[in-house]
Amino acid sequence: MNTHLETLLSKIDTRQAKVAVIGLGYVGLPLAVEFAQAGFRTVGLDVDPAKIEAISAGRSYIKDVPAHQTAALVESGKLSATSDYSILRECDSVSICVPTPLSKTHDPDLSYVIAAADAVAQYLHGGMLIVLESTTYPGTTEEIIVPRMFSNGLKIGEDVFVAFSPERIDPGRTDFVLKNTPKVIGGMTPACGEVVSALYNCIVDRVVPVSSTAAAEMVKLLENTFRAVNIALVNEFLVMCDKLSLDAWEIVEATATKPFGFMKFTPGPGVGGHCIPLDPHYLSWKLRTLNYNARFIQLASEINTGMPAYWVSQTVDKLNDIGRAMKGSRILVLGVTYKPDIDDVRESPALDIIQLLEDRGALVTFHDPFVSSLRHEGLETPFTPLTAETLAEADCVLVATNHSSYDWAWIQQYARLIVDTRYALGPTKMAKQAPVRGLVL
Ligand SMILES: NC(=O)c1ccc[n+]([C@@H]2O[C@H](COP(=O)([O-])OP(=O)(O)OC[C@H]3O[C@@H](n4cnc5c(N)ncnc54)[C@H](O)[C@@H]3O)[C@@H](O)[C@H]2O)c1
């Protein structure tokens with residue numbers, strides 16, 4: 001039997017393996033905490049000194065990671081953080097969770113993955129497992145990670161082990177967390193698959209092996225493309241229902257009573273976050289290099305990115321109905337994060353809505369229980385407290401995100417006009433029963 005493989009498997013089994021996680025963001029910090037919780041000495045690496053300082057002081061800056069858990073793990077010595085990559089000399093495994101954004105031209109920006117892989121390569125040693133977790137196009141592990149892991153004559157599958165395992169974390173979600181969400185893994189060789197499977201089996205209830213790193217990369221892209229396409233479908237349904245004077249949400253709710261063959265997605269202001277608006281473009285970019293046009297992805301992106309403009313045009317019409325022009329109207333946007341009950345505004349459609357409203361001369365303010373200041377494209381939108389007065393003062397309240405702490409009946413009582421992009425106020429029926437003062441559209 002291969003010595004490195006045998007030694008690494010035994011270290012994992014006895015929790016003697018030292019584990020590193022590169023990139024302590026929404027994905028990396030929960031992963032590092034889970035490894036530490038499972039009994040591994042875990043070190044988090046990040047280029048952001050504020051994150052290192054926070055973890056070292058036992059503080060958590062990610063809402064889903066409780067501060068007391070981080071503090072206890074740091075105190076027990078199971079979890080630590082540093083920006084010094086030389087710590088990798090002592091580590092047996094490293095999971096890379098750095099950002100994979102798009103460039104301005106919607107091409108993959110792999111600069112963070114390359115920087116992390118270069119740093120790992122510098123401290124690569126026999127008996128090390130390297131797992132890429134960042135979402136990316138099929139072939140990345142093989143094209144970017146593998147060529148950097150050949151130093152000193154080390155052989156993949158014998159001396160070092162390389163794998164891809166997509167992260168499936170859904171920030172803000174409590175029913176499915178890292179532990180009880182099956183984790184897909186794909187190794188470069190069967191031995192790589194065996195090692196990554198052994199390690200991740202220590203932190204999740206179920207590991208799902210696939211035949212290659214590219215297959216594992218593609219799994220993540222199918223998951224997120226599936227969401228992007230289905231969200232686009234219901235968003236287009238909303239536009240079609242509007243033309244037919246039908247209530248799209250009523251139709252979605254009724255359709256969703258079918259116990260088979262339908263999965264419910266809800267229309268809204270568009271898509272946001274680090275995943276759905278970006279990941280499918282990684283796939284379409286890859287396919288373009290093979291002279292194939294990924295049409296569903298293209299169409300879904302067009303429809304979803306067009307939703308902020310749709311809602312702004314709805315707002316123009318509704319203001320017009322009450323004799324007001326958009327220019328000079330005071331619009332209060334409620335909820336600016338990309339989905340409810342989280343604090344993440346990355347790619348949030350609310351940002352596009354605000355920009356379009358401001359472009360048309362509206363005087364926009366916002367309220368969000370999780371966000372106190374908002375800067376987008378160099379412009380700052382003023383925060384306003386949520387009171388009966390601020391609601392009544394606004395010419396229009398635009399609901400961009402339906403945080404669960406909002407009291408919709410109370411909001412409806414004081415707002416003069418509400419544009420509800422999230423169905424937060426419930427069926428049109430309910431809106432019609434609203435006090436005459438609160439006109440809901
Ligand atoms: N956020 C999600 O819900 C989610 C879910 C599944 C998958 N993903 C994917 O996971 C990856 C990470 O996403 P995220 O949301 O955690 O990003 P994030 O921006 O929250 O965190 C990334 C971290 O990496 C750090 N970093 C960047 N370059 C580095 C380097 N060279 N060395 C060390 N640290 C470095 C950054 O400082 C940051 O703290 C992306 O590919 C994303 O698509 C995200």
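Buried means under 20% relative accessible area. Keep that cut-off in mind for the first stop. The model on your screen is predicted.

**Stop 1: helix 2**

Select residues 28–37, which form helix 2. How many of its ten residues are buried? Nine are, so the helix is mostly covered under that cut-off. Click through the buried ones: Gly 28, Leu 29, Pro 30, Leu 31, Ala 32, Val 33, Glu 34, Phe 35 and Ala 36. Now step just past the end of helix 2. Gly 39 sits there, with a positive phi of about 105°.

**Stop 2: the ligand**

Colour the shell by residue type.

Next, look at individual atoms. Pick Tyr 85. A polar atom of its side chain lies 2.5 Å from a ligand nitrogen. Move to Thr 100. Here a polar side-chain atom lies 2.5 Å from a ligand oxygen. Then find Thr 135. This time the backbone is involved: one of its polar atoms is 3.0 Å from an oxygen atom of the ligand. How much of the ligand does the protein bury? Taken alone, the ligand exposes 830 Å², and the protein buries 92% of that.

**Stop 3**

Select Thr 381, in strand 12. Buried or exposed? Thr 381 is buried, because its relative accessibility is 5%. Show its contacts, leaving out residues up to four places away in sequence. Thr 381 touches Ile 354, Glu 358, Val 364, Thr 365, Phe 366 and Leu 374. Focus on Glu 358. Its side chain makes a polar contact with the side chain of Thr 381, at 3.5 Å.

Go on to Thr 384. It lies in the loop between strand 12 (379–381) and helix 13 (388–393). Thr 384 counts as buried because its relative accessibility is 12%. Beyond its neighbours within four places in sequence, Thr 384 is in contact with Leu 332, Thr 365, Phe 366, His 367 and Thr 390.

Now go back to Glu 377. Where is it? Glu 377 is in the loop between strand 11 (374–376) and strand 12. Its phi is positive, about 50°, although Glu 377 is not a glycine. Glu 377 counts as exposed because its relative accessibility is 62%.

**Stop 3: the end of helix 8**

Select residues 213–243 to see helix 8, then pick Lys 243 within it. Lys 243 is exposed because its relative accessible area is 72%. Lys 243 and Ile 145 are 98 residues apart in sequence, and 50 Å apart from C-alpha to C-alpha.

Move on to Ser 245, in the loop between helix 8 and helix 9 (248–255). Ser 245 has a positive phi of about 55°, and it is not a glycine. Ser 245 counts as exposed because its relative accessibility is 67%.

**Last stop: confidence**

Colour the model by pLDDT. The protein averages 94, and 96% of the residues score at least 70. Finish at residues 429–439. There pLDDT stays under 50. The model has 17 contacts beyond four places in sequence for this stretch.

How values were computed
Residues numbered from 1 in each chain as written. Predicted model: local features only at pLDDT ≥ 70, side-chain atom pairs only at ≥ 80, totals over all residues. Heavy atoms only, no water. Polar contact = N/O pair within 3.5 Å; in protein donor to acceptor, adjacent residues only side chain to side chain. Areas by Shrake-Rupley, 256 points an atom, 1.4 Å probe, with all protein chains shown as cover. pLDDT = per-residue confidence, 0-100. Contact = heavy atoms within 4.5 Å. Helix = DSSP H or I, 4+ residues; strand = E, 2+ residues; numbered from the N terminus. Buried < 20%, exposed > 50% of the residue type's maximum accessible area, 1.4 Å probe, protein only.
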